[in-house]
Every structure is written in C-alpha cells, then in structure tokens.
Amino acid sequence: MKLTVLGSAAAEGIPALFCHCEVCQHARERGGPDIRRRTSYLWDEDILIDLGPDLFFAQVSFNLDYAKLRHLLMTHSHADHFLPESLQYRHPGFSILPADCWLTVYGNARIERRVRKICTGDLSKYFFDFQRARVGEEIDLDAGRSAVPVAAAHAEGEECLNYILKADGKTILVGNDSGWWQEETWRMLAAYQFDVAIIDCTYGQSDSCEGHLGVPGLLATRNELRKLGALAADSRVIANHFSHNGQLTHDELIARLGPEGVEVGYDGMQIEL
Ligand SMILES: [Zn+2]
Ligand SMILES: [Zn+2]
Ligand SMILES: [Zn+2]
C-alpha cells in the first residue's frame, strides 16, 4: 500500500498568492518542502483523495498520469479540496481519454449537487459515475482495498468526511480537515489499530481545535488515539494540512514535532506499508 502526499497546505497554499508573512517569504526564498500545494493524496496509482486546485501542479511536478484513476474519494466541498470543473474536462472535446478510463467519485450530498450542476446530464458522457459516501459504510476499491468514511468535525452545512484506508491488513487514517472529533467518530476509530495516522495541523502553534487542529491539538489527538488503543507506540503519526497562518516553517514544524515522534508532511512524501 502506497500513499503519496500530493499536497500539504490549507486553503491558500504556501506561499499564499498575496501574502508577505514570514512563512510565505521564507517559502519563496527556500523552496523545497516549504512550498505546499493544497492537500490531496494519491493511493497507489489509481485512487485520488480530493480534487483540489493544485492537481495540475502536482501532475507536472511528480510526473503523474491521472487517466489511471479509477476512484476519487472526496472529503468535503471546500475550495482547497474540490475544483469540480476538473471533472468537466473529461468530456469529449476537452480531453481524449483512454478506453479504460472509468472513474467512480464518492462524496457527500453537497459534492453530488455541485458535480451534477457542472457535469450536466448523463455523467457517463464524462466517463464517471457518482456514489454517495456515508459514514460507516465501507467502500470497496478493488484489489483488496477499501475505505471507511467517518465524520470529521470541520464545517456546518455538509457532512465532512475523514477516511480509514484499508489494504493488505494495514490501515491508514486520513484525518485532516477536522478539529477534535465527535464522540461517534472516536468510537469508530477505537475499533482500529492504525499503522499510520495523518492528523490535521492547520493552526501551527495555536491550541484551537475548532474545525482544525494546531500542534497542541494534534498531540492531544495522538494521545487520545493511543489511550483508545487505536495507535500502537510504534505507529506512525504524520502532521499535514498546514496554513501559513500557523506561523511555522517546515524546519520549525520538525523542531516542534520531531521530538514528539510526529513526522511533518510535505509535498511528494511517500508513505509505504
Ligand atoms: Zn482544507
Ligand atoms: Zn503568508
Ligand atoms: Zn475544509
């Protein structure tokens, strides 16, 4: 099982378009892991998690072929995760797709509404179909792989999702874009022992847990997962989804999280199990 971090930033990306804060200026000078695309993940070569605005950038940076995608798992509809026009470009006249290019998109009700508004009529013209992702309902993703959606604590007005990825007896929790989970989610997570937990770190130094987490909330979340038996002492914990407003550069994040045994996500990071 291989998961590639295609992006590791929150809404604005880093450096943010118009921003001259210290983190953005540092990223412009240093490049490398301080440059952060909006968060998404590629599982093996054929499963994408989130359809954000930086997929083109990731494609050319990491030499990817999105025609290989067969499944798209959507977490929620915020603009840093969801650019539905990208699906429209699968229509003949925009793109020439290979014959075996069929894609299934999984998401909540709002994602479905937005997709159907942009891709009008029969979705098969765009060589994909849509299936509602529902909390606790396991999604079969072929080749012995599956994903279980759980409720994120993130935003009003839609059912935001985190995903438990399962393959080869291994599990990865993709937990970004969530604050401190509701009781129901903690209960569901307690049934697993994750090999890897990816946890939100949008707020940097801040201890807020409202819709996202910072370093203090991430460590508290890690500790709670351990207490519930969902993380072994040697399980990997990876921080991801960083905002420049968190006021920590890549090296500063490592200095803060490294001693806690938490890895700092970066664009192009490969998680192999
Ligand atoms: Zn986000
Ligand atoms: Zn900035
Ligand atoms: Zn969001």
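Buried, in these legends, means under 20% relative accessible area. Keep in mind that the model shown is predicted.

**View 1. Tyr-192 and Phe-194 form a stacked ring pair.** Tyr-192 has 19% relative accessibility, so it counts as buried. Phe-194, at 1%, counts as buried too. Their ring centres sit 5.5 Å apart with the planes at 20°, so the pair is called stacked.

**View 2. Here is a cluster of tryptophans: Trp-180, Trp-181 and Trp-186, linked by ring pairs.** Searching the whole structure turns up five aromatic pairs. In one of them, Trp-181 and Trp-186 have ring centres 5.1 Å apart and planes at 80°, so this pair is edge-to-face. Both Trp-181 and Trp-186 are buried.

**View 3. Four residues hold the zinc ion (ligand 3).** The donors are His-76 (NE2), His-78 (ND1), His-154 (NE2) and Asp-177 (OD), at 2.1 to 2.5 Å. Angles between the four donor atoms run from 88 to 175°, which makes the arrangement irregular. Along the chain, the donors are spaced as H-x1-H-x75-H-x22-D. His-76 comes from the loop between strand 4 (71-73) and helix 3 (85-88), and His-154 from the loop between strand 8 (146-151) and strand 9 (161-167), so the two tie together parts 78 residues apart in sequence. His-76 and His-154 are both buried.

**View 4. Asp-177 coordinates two zinc ions, ligand 3 and ligand 1.** The two ions are 3.5 Å apart.

**View 5. Phe-56, Phe-57 and Val-60 make a nonpolar surface patch.** The patch covers about 320 Å². Phe-56 belongs to helix 2 (residues 55-62) and is exposed, with a relative accessible area of 60%.

Note on methods. Residues are numbered from 1 along each chain as its sequence is written. Chains are lettered from A and ligands numbered from 1 in the order in which they are written. This is a predicted model: local features need pLDDT of at least 70, side-chain atom pairs count only at pLDDT 80 or more; totals for chains, interfaces and linings use all residues. Side-chain values use heavy atoms; hydrogens and water are left out. Patches are made of residues with over 30% relative accessible area and no salt bridge: like charges are joined within 9 Å, nonpolar side chains (Val, Leu, Ile, Met, Phe, Trp, Tyr) within 5 Å. Accessible areas come from the Shrake-Rupley method with a 1.4 Å probe; for residues, only the protein chains shown count as cover. A salt bridge is a side-chain nitrogen of Lys or Arg within 4 Å of a carboxyl oxygen of Asp or Glu. Helices (H or I, at least four residues) and strands (E, at least two) are DSSP runs, numbered from the N terminus. Buried means under 20% relative accessible area, exposed over 50%, partly exposed in between (1.4 Å probe, protein chains only). Donors are N, O and S atoms within 2.8 Å of the metal (3.2 Å for Na, K and Ca); water is not among the atoms, so sites may look incomplete. Four donors count as tetrahedral if all angles lie between 85 and 135 degrees; four count as square planar and six as octahedral if opposite donors are over 155 degrees apart and all others between 65 and 115; anything else is irregular. Rings of Phe, Tyr and Trp (its six-membered ring) pair if their centres lie within 6.5 Å; planes under 30 degrees apart count as stacked, over 60 as edge-to-face and the rest as tilted.
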